[in-house]
Each structure stands twice: as structure tokens, then as C-alpha cells.
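Have the viewer open as you read.

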Amino acid sequence: MTEPAALSVHSLSVSFSGRPILKDVQFEVAGGEFCALIGANGSGKTTLLKAILGLVRPQSGEVRIEAGAGVARIGYVPQKISIDPYLPLRSRDVVALGLDGARWGWLRRSAAREARVQEMLEAVGAVDFADRRVGQLSGGQQQRVLIAHALVRRPRLLLLDEPLANLDVRSTAEIVALLRRLSVQYRTAVLLSAHDMNPLLPVIDRIVYLASCCAVSGKADEVIRTEVLSRLYGYHVDVVRVHGRVVVIAAHEPEEIRAALARDPVHTAQVP
Amino acid sequence: MYPLELIVPPGFLANEPVRTALIVGAGAAIVSAVVGVFTVMRGQSFAGHALADVSSAGGSAAFLLGISPLLGFLGVAALAAGAMEWADVRDARERDLVTGVMLGVGLGVTALLLYLGTIQGSTSGAAIAVLFGSMFTIPASIVPLAIGVAGVALVAIAVIYRPLLLSSLSADLAQARGARVRRTGLVHALALALAVSLAAMTVGAILSTALLIGPAAAALRFADRPGRALAWAVAIGWAATWGGILLAYDSFYWTPGHGWPVSFFIVALIFIAYLLAGLARWRPRQPALRRPA
Ligand SMILES: Nc1ncnc2c1ncn2[C@@H]1O[C@H](COP(=O)(O)OP(=O)(O)OP(=O)(O)O)[C@@H](O)[C@H]1O
Ligand SMILES: [Mg+2]
């Protein structure tokens, strides 16, 4: 590995009131690498990201972020954030707070600061709604603003918690492409959680897969294989190539769905 | 007759209780408006109200002991604010419950102290003064303390300005960004205690919420950036307070022998500002889409 690891997680264990959520999680993300954190609902993706940020205290283990870098060198986009439409903050203000929002003292305007904010707004395609209240934007627009907020200090590591939830197919593709472009442009390592890996397949270098408290990590082309993924998911999935793209599909309905359907069959709606 | 006398009645500015009311009232209005904008943004309006009600216990104790009521309001409000932040309840619903219980206890103690006061007989007007304010009876000796309190509150808000904005956007985001979220919350709560005590001195403990929340709520209806929201809230609160004092002074001529309470006029003006702020934002509604018949 030529680049030093931007993030290394060593045998990290987290439990909430005695219930283990993460056990002995271990993986590394190299500088500039684009890494997907995949796992079902409740598998601990958010918990892992918060432990990396230091918002959740681990039972044991260690998180190392590239030498000399503290929490402030990480950009973070949380999973769900409901912004009050009355909040008197424009997209522009939110991005500016990413620059110096943690510092004490009154805001001081400077041309350099505004230029940096403007550049970031352009980079994420948020110029059109830069002067609107952030609470009144759509989910996808807020997502862009929060990404700009997280990236405006050029962190070495960007953590995003399900940035693709709530996005339509087109916005999903746009955000993925945007993240990849910014990651390359700023040499930022990205760790992004999602439960569907398909939209990410064209861009990811590495996958961390979370299931039953444990993590499996590997290079994307080592993990995105029919045998490997089937083992991880616990049911058969196919990795297929169509139109030059890789797609992961469940070949059969997983056992649980079939069992649930058998218990509670779907009724067809009555049409008068 | 000078044109000014049409608005400012003769003797208005020469009157010492009026001058004291104008100074203390302006201080209370400015600080309440500034702190109030953040209190509303953080969704802590109820905490602000509770703090005011609890502080009335301090105000009534001060009347009973014969010390400055501002000190009484301040002491109890600061203690309550510290306790609330120290308890650090994150869940909004639980926070409301804890706040509600505290509010009840505070008002209960106030009831007891005011009752004891009336038994002693010397402080019959205390209940009205503590709960609903009595601007023209504020002693001039309080002015330096009031200005000091206002200054401290404003400086405190200026110091935590940026982390405060960031954490009203999202506490998680602020913490991840390295902001001192708890310290910021504590300083905000203490500034809130100062604002509420000043407001309690002027419009009374119960109505201080109007001075805290009203101008901020009106400003937030249309101002879309933090600096403007603060400026508008200050303008509305300040104008309503001075306007209220003026009207109350005038009202001595409307109903000979007795004037109307200042607090009533201030609250009424703030309410009017709130309604006007709604108009400022109002756009003609698009005609609803008709379904084809
Ligand atoms: N503060 C907490 N206290 C107790 N349990 C928690 C807490 N936070 C999370 N958990 C539990 O930890 C587990 C993992 O939660 P987490 O939010 O990390 O999952 P996730 O992978 O992000 O899920 P999703 O895809 O739904 O966002 C869940 O079972 C959840 O109930
Ligand atoms: Mg999650």
C-alpha cells in the first residue's frame, strides 16, 4: 500500500447496555479510497460510524485516524437529520459553519471564506438553492448541502451515513458520481454506509460488510462475487454483468420472505 | 407645541421612574430577543417559560427578605438553568416532563412565599409585581446591575455564537465537527437565565415568555439568516417595550386616576408584530388544482 491508511479500526467492540452490537471489528481504509459499509437494518452501521467519530464509546478496541488528525479532520453526514423549516440558516450558512462552526466567537466575514463556501456549493451543485433556507429544501438538496458542509474543510476522511436513502434513481447516481469525483479531487477517503450496494458498485474500491456484529472487509473485486456475497448474505445472490455494469441480485426470494409470505399471504386488492 | 409632544407626552422623559423603566426595559428587551432567537431555534421555548416561572420563587423570596428582586430572580433562574443542563436529558419528551415538574415546584414555592408575604402585610403588591411586572416601580438603584447583567448575557451569546448555530442545526453534527456541545448548551442556559430574570423584572415572571419568544418567533417568520433574525427580533422587542411604556404613561390621561399596566401594552404590541410578520411572508395562494368533472 503506497498511501498510509486514512482510517484503521482495530478489534473494535461496542455494546449497548450489555447487548453486543459490534464485536472485534477490524478493517482499514487507505487514503483516497472509496469504501462502502454494507449491512442490513440494525446491523450496526450507524454505531460503527459514531464510534469512529468518538460519539459512541467502544468497550474495547481502537480507532486510528491518519497521523496528526483529530476528530476535526473528519467530515460527517449523519443518517437522519430533520431540519426545522424556520431555522434561519441558508445553505450557504450551513456550509460556512462546516468551515469554522466549532470555533468560539462571533462570525467574521472574509472574502476568502465566502469564496471557499461558493466553490464548495458549486462542487456539489447546490448553487441554485444556496440562498434558500436549508430546512425548506428537499431531502436530496439537503443531502448535497450537508456533503458540502462536511467537505468544506477538505477532511482526509469523509463518513456518510446512508446518504442514498430517500433519493430517487437519478439523484442517487448523481450523488454517487459527485462523491467519487470529490474523493478523487480532494484525495479524501470515503466510508459510506448503505444497505443496497448496487448504485455504488461502479465506484467502490472496498467493501466492509457488517452482519451479526462482525465485519468482513475486502477489495471490491474480491468481495463482489457470487460465492462470497451469497455466503455473507446467507442466501443465494448472483453477481451479473449487464450493459457493462455489475449488478447484485437475489436469485431467489430469501427464506425469510418466503416464510413470512406463507404465514401471511398477500391479498390481491378487490377491484369492483 | 413641538411635533414630538404629539407622541411623547409632556414630562415623560423628565420622570425618573419612566427613565428607569426605559433603560431596564430596553436591556431586558434586547437580551430577551437575542437569547430568544436561539431558544426558539433550539426548540427550548418551554424550558425558557419554565425558567421564568421558577425564577418567580426567587423574586417573591426577595420581596419577603427585602432584597433586590432582580437578585432573587437571577439566583433561582441560574440555579434552575444549571440543574436543567446538568441533568442533560437528551430525549425531547422526557425533557419536557422534567421541565414541567420543575415548573410546578417553582410556582408552588412562589405561591407559598407570596402568601407569607401577604400575611406579613407589608408586600401586598408583591404578587402582581412578581408575576406581571410593575415597570414604573423599578428602583433606579437597579440600573447598574441590570446593565451589567445584560452585558454579560450578550457577551456570552457572542462567544458561543457559532457553536450555538451549529448545534441548533444538529447536535450530532456539531459534536462530530468538534464543537463543545455541552459547554455551549450550558452557556446558552445561563444566558437564558439572565434574560429571563431581566424580563421578569420588567414585564413579570409570567409574561417574560412573551418578551423572550414573541419577538424571536416574529423575526423567524421571515428573516432567513441568523444576523437578520437577531436584528429584527431586537428591533421588535425593543420597539414593543418602549412603545408599551409610552402607551402606559399615556393611559394615565385616558382613564383619570389610574393607568393601564405596561406589561399589557408590551405583550399586545409584540402580538401585533407577530401577526404583521405573518403578513410580510404571505403570498397569494395558488388557485387549487381543479379535478376534471
Ligand atoms: N443508543 C442506543 N442504545 C441502545 N441500543 C442502540 C442504540 N443505538 C443503536 N442501538 C442498537 O444497536 C443496533 C445497531 O443500530 P445501528 O443504528 O447502528 O444500525 P444501522 O445498521 O445503522 O441500521 P439502519 O440501517 O436501520 O440505519 C440496533 O439493534 C439498535 O437497536
Ligand atoms: Mg443507521
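How many salt bridges does the rule find across the interface of chain A and chain B? There are 2, counting a side-chain nitrogen of Lys or Arg within 4 Å of a carboxyl oxygen of Asp or Glu.

## Ground rules

This is a predicted model, where local features need pLDDT of at least 70, side-chain atom pairs count only at pLDDT 80 or more, and totals for chains, interfaces and linings use all residues. Residues are numbered from 1 along each chain as its sequence is written, chains are lettered from A and ligands numbered from 1 in the order written, and side-chain values use heavy atoms, with hydrogens and water left out.

## The interface

B:R162 and A:D100 pair their side chains in a salt bridge, 3.1 Å from N to O. On chain A, helices α1 (45–53), α2 (91–100) and α4 (139–151) each give at least two residues to the side touching chain B (helices are DSSP runs of H or I, at least four residues, numbered from the N terminus). α2(A) has the largest share, with 6 residues.

In all, 34 residues from chain A and 32 residues from chain B take part in the contact, meaning heavy atoms within 4.5 Å.

## A look at B:V31

B:V31 sits in helix α2 (residues 16–41) of chain B. It counts as buried because its relative accessibility is 0%, and buried means under 20% relative accessible area (1.4 Å probe, protein chains only).

Leaving out residues up to four places away in sequence, B:V31 touches B:G36, B:A150, B:A153, B:L154, B:A195 and B:L198. B:V149 is 118 residues away from B:V31 in sequence, yet their C-alphas are 9.2 Å apart.

Definitions and conventions: Buried means under 20% relative accessible area, exposed over 50%, partly exposed in between (1.4 Å probe, protein chains only).
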